[in-house]
Amino acid sequence: MDSPFAFSHALCRAPAPSAVNGIRAGGGPDPDFETLAAEHRAYVAMLRELGLSVEVLSALDDYPDALFTEDVALTFPEGAILLRPGAASRAGEVAHVREALAARHPVLLDMTVGHVEGGDVLRLADRVIIGLSDRTDRAGATELSGLLEQLGYRAEIAETPAGVLHFKTGCSLIDAGTVLAVPAMRDCPEFAGLEVVLTPPGEEGAANIL
């Protein structure tokens, strides 16, 4: 398996004005679109500064959450897997990334049952963890495990703690042997053998890093 954190390319999508109405946990006011767009431009600029080749796809106003490209596809050197988002409002996004992925991946695999969003999929150095959540069900996780096996990757299915939207909302890979996680994921059995660094109280959002 190649390094899970050595990237050369990134596929992003510009946010549409409708993004202010996207799905999100918790309350509070809607985000300001100009601020959101500026943050996304800064994100793309940083990826390029780090040496990545970045392709920015056009905004999709019919899909407020389409800027979160990771949720609709997984990419590996061996091929890409088109997922099935668990939120009904996001189902149509998958068709809009197929062409861009096909241009770089000779192998494209499609999910056909259940649901999986990429935010529930954590790639480690030796395996891939698929977390069950409100957006990722067991039927989808089981099918994805088989598709990952076709590409040469071993998968494990994990339980996402209550109150954590996506598996990766609460954890991220720092290096081959270290995971950053919120306290609720401290004892995740799939992290056995890894060092787990916990976020400080009140800074749980910091667990979602790139």
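This briefing covers the strands, sheets, side chains and cysteines of one structure.

The model is predicted, so local features need pLDDT of at least 70, side-chain atom pairs count only at pLDDT 80 or more, and totals for chains, interfaces and linings use all residues. Residues are numbered from 1 along each chain as its sequence is written, and side-chain values use heavy atoms, with hydrogens and water left out. Helices (H or I, at least four residues) and strands (E, at least two) are DSSP runs, numbered from the N terminus. Two strands pair if DSSP finds at least two bridges between them. Buried means under 20% relative accessible area, exposed means over 50%, and partly exposed lies in between (1.4 Å probe, protein chains only).

- Strand β6 (residues 121–123) pairs with β7 in the antiparallel sense, over 3 bridges.
- Within that pairing, V121 stands opposite I130 of β7.
- A hairpin of 4 residues joins β6 to β7.
- On to strand β8 (residues 155–159): it runs parallel to β7, and 5 bridges join the two.
- L132 has E159 in β8 as its bridge partner.
- From β7 the chain crosses through helix α3 (residues 138–150) to β8, and this β-α-β crossover is right-handed. Right-handed means that, with the strands pointing away from the viewer, the path from the first strand over the helix to the second runs clockwise.

**The sheet β3-β4-β5**

- An open sheet of 3 strands has the order β3-β4-β5, with mixed pairing.
- Its edge strands are β3 and β5 (108–110), each pairing on one side only.
- Neighbouring strands here are turned by 15° against each other on average, direction ignored. Axes are lines fitted to C-alpha atoms, for helices over the stretch in contact, and angles run from 0 to 180 degrees between N-to-C directions.
- Strand β4 (residues 79–82) and β5 run parallel and are joined by 3 bridges.
- The bridge partner of A80 in β5 is L108.
- Helix α3 lies across β3, β4 and β5, and runs at about 160° to β5.

**The sheet β9-β10-β11**

- Another open sheet has 3 strands in the order β9-β10-β11, again with mixed pairing.
- β9 (171–175) and β11 (195–198) are the edge strands, and each pairs on one side only.
- From one strand to the next, the twist averages 30°.
- Strand β10 (residues 178–181) pairs with β11 in the parallel sense over 4 bridges.
- A181 stands opposite L198 in β11.

**Aromatic pairs**

- The structure holds 2 aromatic pairs. Rings of Phe, Tyr and Trp (its six-membered ring) pair if their centres lie within 6.5 Å; planes under 30 degrees apart count as stacked, over 60 as edge-to-face and the rest as tilted.
- The rings of F76 and Y153 have centres 4.5 Å apart and planes at 35°, so this pair is tilted.
- F76 sits in strand β3 (residues 73–76) and Y153 in the loop between α3 and β8, so the pair ties together parts 77 residues apart in sequence.
- F76 and Y153 are both buried.

- S18 lies in the loop between β1 (9–13) and α1 (33–49). S18 is buried, at a relative accessible area of 11%.
- Not counting residues up to four places away in sequence, S18 touches L60, D61, Y63 and P64. Contact means heavy atoms within 4.5 Å.
- H40 is in helix α1. H40 is buried, with a relative accessible area of 10%.
- H40 touches C12, R13, A14, P15 and L67, leaving out residues up to four places away in sequence.
- I209 is in the segment after β11. With a relative accessible area of 39%, I209 is partly exposed.
- Beyond its neighbours within four places in sequence, I209 is in contact with S172, I174 and L180.
- I209 and K168 are 41 residues apart in sequence and 8.8 Å apart in space, C-alpha to C-alpha.

**Cysteines**

- A search of the whole structure finds 0 disulfides. A disulfide is a pair of cysteine sulfur atoms within 2.5 Å.
- The closest cysteine sulfur to that of C171 is in C188, 6.9 Å away, too far for a bond.
- C171 is buried, with a relative accessible area of 0%.
- C12 is buried, with a relative accessible area of 4%.
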